[in-house]
Amino acid sequence: MSDDKSNKPGTRKDTHYAKLRRAHRDQKAGGAPAFRPRQPVPPGEAPGDGLVRLYGLHTVRAALDNPRRKIRKMLVTRNAAERLAINDLAALPFKAELVEPKDIDRITGSDAVHQGVLIEAEPLKPKRLDALGDTKLVLVLDQVTDPHNVGAILRSAVAFGAGALITTARHSPQESGVLAKSASGALEHIDQIEVKNLADALDQLHEAGFQTIGLDSEGPAELEKTFDGAKIALVLGAEGKGLRQKTRETVTALARLDMPGAIHSLNVSNAAAVSLYAANAFLKR
């Protein structure tokens, strides 16, 4: 019996002959087929009647489980329906249609990672600051406008137990598919509070017993050494611009994240995650 391993399937020799056979077939057929890149599909028209479109498995699953969320319509592929454990579309309390992925592409655009499911729903209604409840940790955004960043911040806020996200009515992104997909379901798990005047809102937080800490790369003290009290509100500013002057003057303290590496600033969503972790660890002492 021969010990020559070169003749066994899957070896380099076998692969070499497979390539030769493929090249011969391509030559007989007139050459290898030309590569045709997939043409991008632009997003379709926006939903009507003040609705929002949300997509992605985690986003839609969280929306389905949220009793506050009023869903009007669903488009879902067979595979996505199985992954969402939806056995009977007709049993859902809203219109649901089984479709192909390309049907959703025509609505969201081909750049959106919809994972085979899209819903049209009423946006969640923001709450008032006086409905904050008894949470000990909140996050405040000072004109952070990028929906990807706000979505990522929502995800971190839920992960670290923040009770609310406070934003300004202006210069903040509205609920959207991009924001919700970046939040990966967190949109449904945290109170969102809109305020007209951020300085006034910070004063109300002070009256409610919160220490308000503005994150600033040039802050006079490290964040971990600034914590004081039983309630903390972390305040983060927009990428590049940072906190507005009025906000800087109103917060209880300005603090920095101490970073020993060559880079001394973080993306706002990363800064939010790090500061939430530190604040949560302090409050659990």
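Predicted model: local features only at pLDDT ≥ 70, side-chain atom pairs only at ≥ 80, totals over all residues.
**Reading a sheet and the helices on it**

Student: In which sense do strand 5 (residues 137-142) and strand 6 (residues 164-168) pair, and over how many bridges?

Tutor: Strands of a sheet pair through backbone hydrogen bonds, either parallel or antiparallel. Here strand 5 and strand 6 take the parallel sense, with three bridges; to count as paired, two strands need at least two DSSP bridges. Residues are numbered from 1 along each chain as its sequence is written, and side-chain values use heavy atoms, without hydrogens and water.

Student: Which strands sit at the edges of the sheet?

Tutor: Read the order across the sheet: 7-6-5-10-8-11-9, seven strands in an open sheet with parallel pairing. Strand 7 (191-195) and strand 9 (221-222) each pair on one side only, so to speak the two ends of that order, and they are the edge strands. The chain has nine helices and eleven strands, taken as DSSP runs (H or I of at least four residues for helices, E of at least two for strands) and numbered from the N terminus.

Student: Which strands does helix 5 touch, and at what angle does its direction lie to strand 5?

Tutor: Look for contacts (heavy atoms within 4.5 Å), then compare N-to-C directions on a scale from 0 to 180 degrees, using axes fitted to C-alpha atoms. Helix 5 packs on the sheet against strand 5, strand 6 and strand 7, at about 170° to strand 5. Helix 7 (residues 198-207) runs at about 165° to strand 5. Helix 7 lies across strand 5, strand 6, strand 7, strand 8 (211-215) and strand 10 (232-237).

Student: How are helix 5 and helix 9 oriented to each other, roughly parallel or roughly antiparallel?

Tutor: Angles under 35 degrees are roughly parallel, over 145 roughly antiparallel, 65 to 115 roughly perpendicular, and the rest oblique. Helix 5 (residues 147-159) and helix 9 (residues 268-283) make an angle of about 10°, with axes 8 Å apart, and they are therefore roughly parallel.

Student: Take Ser269 in helix 9. Is Ser269 buried or exposed?

Tutor: Go by relative accessible area: buried is under 20%, exposed is over 50%, and partly exposed is in between (1.4 Å probe, protein chains only). Ser269 comes out at 11%, so Ser269 is buried. Leaving out residues up to four places away in sequence, Ser269 touches Asn149, Ala152 and Ile153. Across the chain, buried residues make up 41% of the 285.

Student: What does Leu243 touch?

Tutor: Leu243 is in the loop between strand 10 and helix 8 (245-250), and at 8% relative accessibility Leu243 counts as buried. Beyond four places in sequence, Leu243 contacts Asp142, Gly214, Leu215, Val235, Leu236, Gly237, Arg248 and Leu254.
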